[in-house]
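Hi,

Here is the structure I promised to pass on. Have a look at it first, and then read my notes below.

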Amino acid sequence: MELYEQLAKDYDAVFSILVSAKLSGTVASSVQASQSVDVPVITFDSKILTFPLTSQLKKGIALAEEGASIEEIKEKLEILRDSNETYVMVGSLQQLHRSGRMSGLQFYLGSMLSIKPIISIEDGGLNTKDKVRSDKKAREKMFDYLRSSQEKHKVKEVYILYGLHKEVADDWQSQLENEFPSIKFKSCPIGAVIGVHAGEHTIGISWNNANV
């Protein structure tokens, strides 16, 4: 509310793009705050996390600079948002279990079988996309997802998301740049909160299929 009151001094409206409502309470906080300020606030659920929502922010800023109306910006961002694909290899089943995101039985079986779950973000929520037996297989699975999207949609920009170890993300980026020279790649930290749940070795990729 304090932020929106401050912005109201210089702006006619606030367009707030926030982390998925299914992963954070920030969207609900924005809606509540917007009811107590005198400036119009558009609360936009990105249905995504941390750095991948940067693509929505950049597009929104570009549209605003081009003179697009709030409704036009919202419409374009919804198209961009709904075309997103994000896949993450969980770095630590133990931390996922401790945070309450995985049952004791799932943790035990996953640890015994050395399973590496690949999590996708679908409609703003977490979904188990696949389960593999090694980091290498997980990486190849996610690279395959990108190959498929690139063939269909000509992806322009990809975010490589990492928990703590940027050198692994840099290695992924080098491999991907060699295979996809037409795509712009950027390595980004996945965020401290998600890192706590998923572990320091968590790594993933994210992109949008729509060109709006």
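To start with something you can check on screen: which residues in α3 meet which residues in α4? On the α3 side they are Ser55, Gln56, Lys59, Gly60, Leu63 and Ala64, and their partners in α4 are Ile73, Lys76, Leu77, Leu80 and Arg81. Before you go further, keep in mind that this is a predicted model.

The geometry of that helix pair goes like this. The axes of α3 and α4 (residues 70-82) are 10 Å apart, and the two helices pack at an angle of about 155°. Since anything over 145 degrees counts as roughly antiparallel, that is how α3 stands to α4. The crossing of α3 and α4 is right-handed.

For the overall picture, the protein chain has 9 helices and 8 strands. It runs to 212 residues, of which 42% count as buried. If you take the contacts with a separation of 6 or more, 74% of them come from residues 24 or more positions apart.

Now the sheet. It is an open one, built from 6 strands in the order β5-β4-β3-β8-β6-β7, with mixed pairing. At the edges sit β5 (125-132) and β7 (184-189), each of which pairs on one side only. On average, neighbouring strands are turned by 20° against each other, ignoring direction. As background, strands of a sheet pair through backbone hydrogen bonds, in either a parallel or an antiparallel way. Here β4 (residues 116-122) and β5 are an antiparallel pair, with 7 bridges between them.

α7 lies across β3, β4, β5, β6, β7 and β8, and runs at about 5° to β8. α3 lies across β6 and β8, and its angle to β6 is about 140°.

On to the packing. In soluble globular proteins, nonpolar side chains tend to be buried together. The largest nonpolar core in this model has 22 residues, and the members that touch the most others are Met142, Leu146, Val158, Phe185, Ile205 and Trp207. At least two residues each come from β3 (84-89), α7 (135-153), β6 (157-162), α8 (166-179) and β8 (203-208). The biggest contribution to this core is from α7, with 5 residues. There is also a second, separate core of 9 residues, including Ile48, Val88, Leu161 and Ile190.

What is Trp207 in contact with, leaving aside its neighbours within four places in sequence? The list is Ser83, Asn84, Glu85, Tyr87, Tyr145, Leu146, Ser149, Val155, Glu157 and Val158.

Lys47 has a positive phi of about 55° although it is not a glycine. You will find Lys47 in the loop between β2 (41-45) and α3 (54-65), where it is partly exposed at a relative accessible area of 26%. Lys154, also not a glycine, has a positive phi of about 55° as well. Lys154 is placed in the loop between α7 and β6. Is Lys154 buried or exposed? Its relative accessibility is 54%, so Lys154 counts as exposed.

Cheers

Technical notes: Residues are numbered from 1 along each chain as its sequence is written. This is a predicted model: local features need pLDDT of at least 70, side-chain atom pairs count only at pLDDT 80 or more; totals for chains, interfaces and linings use all residues. Side-chain values use heavy atoms; hydrogens and water are left out. A nonpolar core is a set of buried Ala, Val, Leu, Ile, Met, Phe, Trp, Tyr and Cys residues joined through side-chain atoms within 4.5 Å. Buried means under 20% relative accessible area, exposed over 50%, partly exposed in between (1.4 Å probe, protein chains only). Helices (H or I, at least four residues) and strands (E, at least two) are DSSP runs, numbered from the N terminus. Contact means heavy atoms within 4.5 Å. Two strands pair if DSSP finds at least two bridges between them. Axes are lines fitted to C-alpha atoms, for helices over the stretch in contact, and angles run from 0 to 180 degrees between N-to-C directions. Angles under 35 degrees count as roughly parallel, over 145 as roughly antiparallel, 65 to 115 as roughly perpendicular and the rest as oblique. A crossing is left-handed if the near helix is turned anticlockwise from the far one by less than a right angle, and right-handed if clockwise.
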